[in-house]
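Here's a quick briefing to read alongside the model.

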Amino acid sequence: MNESLSFDSAPAEGAGLASRALLRTAQGFALGGGLILLALVGMSLVSIIGRKLFATPIQGDIELMEIGAAVAIAAFLPLCELRGQHIKVDAFTLKLPARAQAWLDAIAHGLCLLAALVLAWRTGLQVLESREYGEVSTLLSIPLWLPLTLIVPSLALLAVTAAARTIHCLTGEPRP
């Protein structure tokens with residue numbers, strides 16, 4: 001396997017202003033997702049301690065965990081796509097020429113772009129429908145359109161990052 005994990009946050013050499021802005025935006029979304037997860041961990045600890053010591057857990061903690069995790073996961077996707085860190089099975093393509101590998105990668109990122117656009121569109125429609133019908137969560141009655149509204153920008157940014165990666169694979173431009 002040809003795997004490497006880089007935590008280098010600097011844009012690639014020669015990356016333009018748009019590439020740097022895209023990287024910074026994706027990093028901002030990922031940091032926001034990380035803060036959400038930290039808040040969820042803190043809430044979970046308080047709930048577990050309250051449940052074990054005082055028999056008073058946080059009401060709806062599992063519901064909050066589900067909603068928060070969905071928003072956080074969506075926020076991580078653009079940076080993951082931009083860095084090309086999705087799961088990649090390349091055992092059969094390692095022997096191919098670099099140009100063929102780049103074309104296959106471009107197809108994969110193009111499919112990711114298509115999926116992100118469809119998900120953003122359908123989630124946006126779900127926001128409108130949930131708001132119109134007043135759908136709420138089971139225990140806490142949280143309006144479901146609120147967390148869905150937070151997911152749509154992440155999916156839109158995922159589409160933009162997938163487009164950037166597709167262009168990178170096709171043209172060989174510096175990766176953001």
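At 42% relative accessibility, S141 counts as partly exposed. S141 belongs to the loop that runs between helix 3 and helix 4 (145-171), and it turns up again below among the contacts of E63. Keep in mind that this is a predicted model.

**Overall layout**

- The protein has four helices and zero strands, so to speak plainly, the pattern along the sequence is α-α-α-α.
- Of the 176 residues in the protein, 28% are buried.
- The accessible surface comes to about 11000 Å², and carbon and sulfur atoms account for 69% of it.
- Take the contacts between residues at least 6 apart in sequence: 71% of them join residues at least 24 apart.

- S141 has a phi near 55 degrees, which is a positive value in a residue other than glycine.
- A55 also shows up here, with a phi near 55 degrees and again a residue other than glycine.
- As background, most residues other than glycine have a negative phi.
- A55 sits in the loop between helix 1 (17-54) and helix 2, and with a relative accessible area of 63% it is exposed.

- E63 is in helix 2 (residues 61-83).
- The side chain of E63 does have a polar contact with the side chain of S137, at 2.7 Å.
- A polar atom of the E63 side chain also lies 3.0 Å from the backbone nitrogen of L140.
- Setting aside neighbours within four places in sequence, E63 is in contact with S137, T138, L139, L140 and S141.

**The salt bridge**

- How many salt bridges does the structure hold? There is one, and it pairs D61 with R51, whose closest N and O atoms are 3.2 Å apart.
- D61 lies in helix 2 and R51 in helix 1, so the pair ties together parts that are ten residues apart in sequence.
- Are the two partners buried or exposed? D61 is buried, at a relative accessible area of 11%, while R51 is partly exposed at 38%.
- In general terms, side chains of opposite charge can pair when their charged atoms come close.

**T166 and G110**

- T166 is in helix 4 and counts as buried, at 13% relative accessibility.
- A polar atom of the T166 side chain lies 3.3 Å from the backbone nitrogen of G110.
- Not counting residues up to four places away in sequence, T166 touches A106, H109 and G110.

**Nonpolar surface patch**

- L96, L104, I107, L111, L114, V118, W121, L125 and L128 make a nonpolar surface patch of about 850 Å².
- One of these patch residues, L114, has its place in helix 3 (residues 98-133).
- L114 is exposed, because its relative accessible area of 51% is over the 50% cut-off.

- C80 lies in helix 2 and is partly exposed, with 24% relative accessibility.
- Leaving out residues up to four places away in sequence, C80 touches Q85 and H86.
- C80 and L158 are 78 residues apart in sequence, and their C-alpha atoms are 8.9 Å apart in space.
- G134 is in the loop between helix 3 and helix 4, where it is partly exposed with a relative accessible area of 45%.
- From G134 to L144 it is ten residues in sequence and 8.0 Å in space, C-alpha to C-alpha.

Terms used: Residues are numbered from 1 along each chain as its sequence is written. This is a predicted model: local features need pLDDT of at least 70, side-chain atom pairs count only at pLDDT 80 or more; totals for chains, interfaces and linings use all residues. Side-chain values use heavy atoms; hydrogens and water are left out. Helices (H or I, at least four residues) and strands (E, at least two) are DSSP runs, numbered from the N terminus. A polar contact is a pair of N or O atoms within 3.5 Å; within protein, one must be able to donate a hydrogen and the other to accept it, and residues adjacent in sequence count only if both atoms are side-chain atoms. Contact means heavy atoms within 4.5 Å. Patches are made of residues with over 30% relative accessible area and no salt bridge: like charges are joined within 9 Å, nonpolar side chains (Val, Leu, Ile, Met, Phe, Trp, Tyr) within 5 Å. Accessible areas come from the Shrake-Rupley method with a 1.4 Å probe; for residues, only the protein chains shown count as cover. A salt bridge is a side-chain nitrogen of Lys or Arg within 4 Å of a carboxyl oxygen of Asp or Glu. Buried means under 20% relative accessible area, exposed over 50%, partly exposed in between (1.4 Å probe, protein chains only).
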